Amino acid sequence: MNLSFYLFFGTAMFLVWFLAVFVFVRLDYYSFRPGQIVHVTVFGGGEETFDSRGASINKMRDDMFRHWILGIGSGDLHVSTTGARKAEFVVHNVLFVGTKLSRIQALIAMRPDDTPDKVFTAGEPA
């Protein structure tokens, strides 16, 4: 095996890693809105919406090497919904999971009608 062999396979492995981390992972994500949890799939344009009433969100940092040493404060979010469309899903390797969990809990505690009906902009009479 010579330099060309290592260069070829090293480049191939880098391309696979790059596509997995920066392209394929971003094709499926979750959005948390006031009173709703939305699972968005980029290909096919599908969205699943779950009501956040009775939803439970847990932070799991059980793997010390993956979450604390390599992940620099990452963790997994375990989300369980109740109601007519019961679902359980896991969002793996969320960076700065503690901060995001507090923001998510504030959003799912709100009801959609808790938001103001009209948003005032600068220059508009009150």
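Let's start with Thr 81, which counts as buried because its relative accessibility is 3% (buried means under 20% relative accessible area, exposed over 50%, partly exposed in between, with a 1.4 Å probe and protein chains only). This is a predicted model, where local features need pLDDT of at least 70, side-chain atom pairs count only at pLDDT 80 or more, and totals for chains, interfaces and linings use all residues. Residues are numbered from 1 along each chain as its sequence is written, and side-chain values use heavy atoms, with hydrogens and water left out.

Thr 81 sits in strand 5 (residues 75–81); strands (E, at least two residues) and helices (H or I, at least four) are DSSP runs, numbered from the N terminus. Setting aside neighbours within four places in sequence, Thr 81 is in contact with Ile 37, Phe 50, Asp 51, Ala 55, Lys 86 and Ala 87, contact being heavy atoms within 4.5 Å.

Strand 2 (residues 36–41) and strand 3 pair in the antiparallel sense over 6 bridges, where pairing takes at least two DSSP bridges between two strands. The sheet they belong to is open, has 3 strands in the order 1-2-3, and is antiparallel in its pairing. Strand 1 and strand 3 (46–51) are its edges, each pairing on one side only. On average, neighbouring strands here are turned by 20° against each other, direction ignored (axes are lines fitted to C-alpha atoms, for helices over the stretch in contact, and angles run from 0 to 180 degrees between N-to-C directions).

Strand 1 (28–33) also takes us to the largest pocket: this strand, helix 1 (3–22), strand 6 (87–94) and helix 3 (97–109) each give at least two residues to the lining. A pocket here is an open set of points on a 1 Å grid over the protein atoms alone, where a 1.4 Å probe fits, with protein on both sides within 12 Å along at least five of seven lines; lining residues have an atom within 4 Å of a point. The largest pocket has a volume of about 890 Å³, volume being the space filled by probe spheres set on the points, which are joined across faces, edges and corners. Of its 21 lining residues, Val 25, Val 91, His 92, Asn 93 and Val 94 are the closest to the centre.

Not counting residues up to four places away in sequence, Lys 100 touches Val 94 and Leu 95. Its relative accessible area of 36% is why Lys 100 is partly exposed.
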